[in-house]
Amino acid sequence: MSRLKLSVLNVALGAALVLGLSACNRDANADVANATGPGAAPQEPAGPKYGRVVSVDPVRQAATAPQRECHDEVVTRRAPVKDQHQIAGTAIGAVAGGLLGNQIGGGKGRTLATVAGAVGGGYAGHEIQERRQETNTVTSTVRKCSTVQGVSSDKIVAYDVRYEYNGVTRTVRMDHDPGDRVEVQEGVTVVSDSR
């Protein structure tokens, strides 16, 4: 092919390419003008989208929890014994008996009366102290508790929320009451609550 033919062919291809590109740009500009011009469909605003809450129904679950019941009880028990062998009572009784026995008689009779008084007084003191220890009681108040079957109660565990968005009503389960509206993403997914 001759050079001239090649040059004319290159110029023709270049012109066709330029005309095609300019036609594409004109169509794109026309679409933008039509979308924002009079009679164009409204564009959705940027930012969060909300659905109107139609109803909120709490989801309940029956719960029975054991309860602890306590009461005070008066308890009487024997006081702890400090002198288990009643040594103090025996000693005091022996001294008192010895003194009394010493008052009786004279000479060897006095000595015998003193010994007999000490032995008898020691025995009597031992018995008296033992009886007092047995009847010596201590009273105290003790708190007693027990676990009993509890009262049944309903507990709210979730909320079934019906909401309307773009004329379509949907239901979603949430862990809280969303209020009057819910934020939606692409018209389907509930994102969060908004009051």
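Biologist: What is the relative accessible area of Lys144?

Modeller: This is a predicted model, where local features need pLDDT of at least 70 and side-chain atom pairs count only at pLDDT 80 or more, while totals for chains, interfaces and linings use all residues. Residues are numbered from 1 along each chain as its sequence is written, and side-chain values use heavy atoms, leaving out hydrogens and water. Buried means under 20% relative accessible area, exposed over 50%, and partly exposed in between (1.4 Å probe, protein chains only). Lys144 counts as partly exposed because its relative accessible area is 38%.

Biologist: Which residue forms a salt bridge with Lys144?

Modeller: A salt bridge needs a side-chain nitrogen of Lys or Arg within 4 Å of a carboxyl oxygen of Asp or Glu. For Lys144, the closest N and O atoms are 3.3 Å apart. The partner is Glu73.

Biologist: Is Glu73 buried, exposed or partly exposed, and what is its relative accessibility?

Modeller: Glu73 falls in the middle class. It counts as partly exposed because its relative accessibility is 30%.

Biologist: How far apart are the closest N and O atoms of Arg143 and Asp72?

Modeller: Arg143 sits in strand 3 (residues 137-148) and Asp72 in strand 2 (residues 67-78). Both Arg143 and Asp72 are exposed. Their salt bridge has its closest N and O atoms apart by 3.0 Å.

Biologist: Asp160 lies in strand 4; where does Arg173 lie?

Modeller: The side chains of Asp160 and Arg173 meet in a salt bridge at 2.7 Å, N to O. Asp160 is partly exposed at 22%, and Arg173 is exposed at 53%. The pair ties together parts 13 residues apart in sequence, because Asp160 lies in strand 4 and Arg173 in strand 5 (residues 168-174).

Biologist: At what angle do the axes of helix 2 and helix 3 cross?

Modeller: Axes are lines fitted to C-alpha atoms, for helices over the stretch in contact, and angles run from 0 to 180 degrees between N-to-C directions. The axes of helix 2 (residues 87-102) and helix 3 (residues 108-135) come within 6 Å. They cross at roughly 150 degrees.

Note on methods: Helix = DSSP H or I, 4+ residues; strand = E, 2+ residues; numbered from the N terminus.
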